[in-house]
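This report goes through one protein model and its metal site. Please look at the sequence and the structure before reading on.

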Amino acid sequence: MRLFEAIIDANHRALAGDQHAGLHPAEFEDELPIIALTCIDPRLNPLMPAVLGVPQDQFIWLRNAGNIIISPLSSPMRSLSLACAIKGGKEIAIIGHTDCLVAKTTTMQLLDRFRALGIERHLLPDNVNEFFGTFGSERQNVLKAADIVRHSPLIGPKVPVHGLLVDIATGKLEWLVNGYQSLESMDSRWKEVVKAAGHSVDAFKSLTDFDIGEMKFPQTKIGETVTKAEDWLSQKVHQLETTRPEIGQSTKTTAPPKIPLPPPIRPRIHLHKGAK
Ligand SMILES: [Zn+2]
């Protein structure tokens, strides 16, 4: 059993009243720590990482309003990427929640709130929804975010990217995107893109006097370097996007079976110290 299979299993068993439901972190050393992106809603504070059963010190927690990811190179993507590279995160989970206020607030309400804060309409971008990435469905938002992360060039092909929804009242987890399923096809596609990109990376390095050994960035060229790096990455993103499978197809196969509503208790999954 893989880590998130065990997490979901323990969560559902705990909600069904199993006093012994729990996760044995020692069995999943190669799959921990995990990185989670959740909403900023304070109601999540007591739920995470308790409902996952993952130890505090194996839980790298990123948050933003609505657990929104707008694009493959955006700020939360950069944090997810560094969380893998620097903090050694092994698996990523985008965890949305029910009753999210971002989903419940209409555009008109949002503009009213901004006005009350002294931010007039003309100070905001034309397409406010697109700018903030607001959404109407918590589920669709998780599917979209997981898809963008999966296809971002900043995340290696070996890192599973899951999508979950947590019931804010009960702590029940719903597994919307099974990150293990898309690993294999992603791996081969990634290799093709990296191979094709090999020449352009070399050319790019010599062009900008980029010295990896001494990390020298010529002062006058910093802006230029960044622009070129973004152009290059954007191109890679496009290549990955054009080869991705149909989104409807992947979400259909990963949707878990419907499970009856659990009793209104929050599962606290026990931690089993050491190996079984
Ligand atoms: Zn929320």
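How many of the five residues of strand β6 (residues 173–177) are buried? Four of the five are buried, and the strand is mostly covered. Here buried means under 20% relative accessible area, exposed means over 50%, and partly exposed lies in between, with a 1.4 Å probe and protein chains only.

The model is predicted: local features need pLDDT of at least 70, side-chain atom pairs count only at pLDDT 80 or more, and totals for chains, interfaces and linings use all residues. Residues are numbered from 1 along each chain as its sequence is written, and side-chain values use heavy atoms, with hydrogens and water left out.

**Overall make-up**

The protein chain has nine helices and seven strands. Of the 276 residues in the protein chain, 43% are buried. The accessible surface comes to about 15,100 Å², and carbon and sulfur atoms hold 58% of that area. Accessible areas come from the Shrake-Rupley method with a 1.4 Å probe; for residues, only the protein chains shown count as cover. Among contacts with a separation of 6 or more, 76% join residues 24 or more positions apart; a contact means heavy atoms within 4.5 Å.

Strand β5 (residues 161–166) pairs with β6 in the antiparallel sense over four bridges. Two strands pair if DSSP finds at least two bridges between them. Along this pairing, Gly 163 has Val 177 of β6 as its bridge partner, and Val 166 stands opposite Leu 173 in β6. The two strands form a hairpin with six residues between them, and Gly 171 in the turn has a positive phi of about 85 degrees.

Strand β5 also pairs with β4, in the parallel sense and over six bridges. In that pairing Ile 92 stands opposite Val 161 of β5.

Six of the six residues of β5 are buried, so the strand is largely enclosed by the rest of the structure. In a regular strand the side chains alternate between the two faces of the sheet. In β5, Val 161, Gly 163 and Leu 165 point one way, while His 162, Leu 164 and Val 166 point the other way, and all are buried.

His 162 can also be placed relative to Gln 181: the two are 19 residues apart in sequence, with their C-alpha atoms 9.7 Å apart in space. Gln 181 sits in the loop between β6 and α7 (183–207). With a relative accessible area of 47%, Gln 181 is partly exposed.

**The zinc site**

Which residues coordinate the zinc ion? The donors are Cys 39 (SG), His 97 (NE2) and Cys 100 (SG), at 2.0 to 2.3 Å. Donors are N, O and S atoms within 2.8 Å of the metal (3.2 Å for Na, K and Ca); water is not among the atoms, so sites may look incomplete. The spacing of the donor residues in sequence is C-x57-H-x2-C. Cys 39 lies in the loop between β2 (34–38) and β3 (59–63) and His 97 in strand β4 (residues 91–97), so this pair ties together parts that are 58 residues apart in sequence. Cys 39 is buried at 4% relative accessibility, and His 97 is buried at 1%.

**Aromatic pairs**

Rings of Phe, Tyr and Trp (its six-membered ring) pair if their centres lie within 6.5 Å; planes under 30 degrees apart count as stacked, over 60 as edge-to-face and the rest as tilted. The count by this rule is four aromatic pairs. Two of the edge-to-face pairs are tabulated.

| Pair | Centre to centre | Angle between planes |
|---|---|---|
| Phe 59 and Trp 61 | 5.5 Å | 65 degrees |
| Trp 175 and Tyr 180 | 6.2 Å | 85 degrees |

Phe 59 is buried at 10% relative accessibility, whereas Trp 61 is partly exposed at 28%. Trp 175 is buried at 12%, and Tyr 180 is buried at 11%. Ring pairs also link Phe 114, Phe 131 and Phe 132 into a cluster.

Ser 74 belongs to the loop between β3 and α2 (75–85) and is buried, with a relative accessible area of 15%. The side chain of Ser 74 reaches the backbone oxygen of Ser 71 at 2.7 Å.

Technical notes:
Polar contact = N/O pair within 3.5 Å; in protein donor to acceptor, adjacent residues only side chain to side chain.
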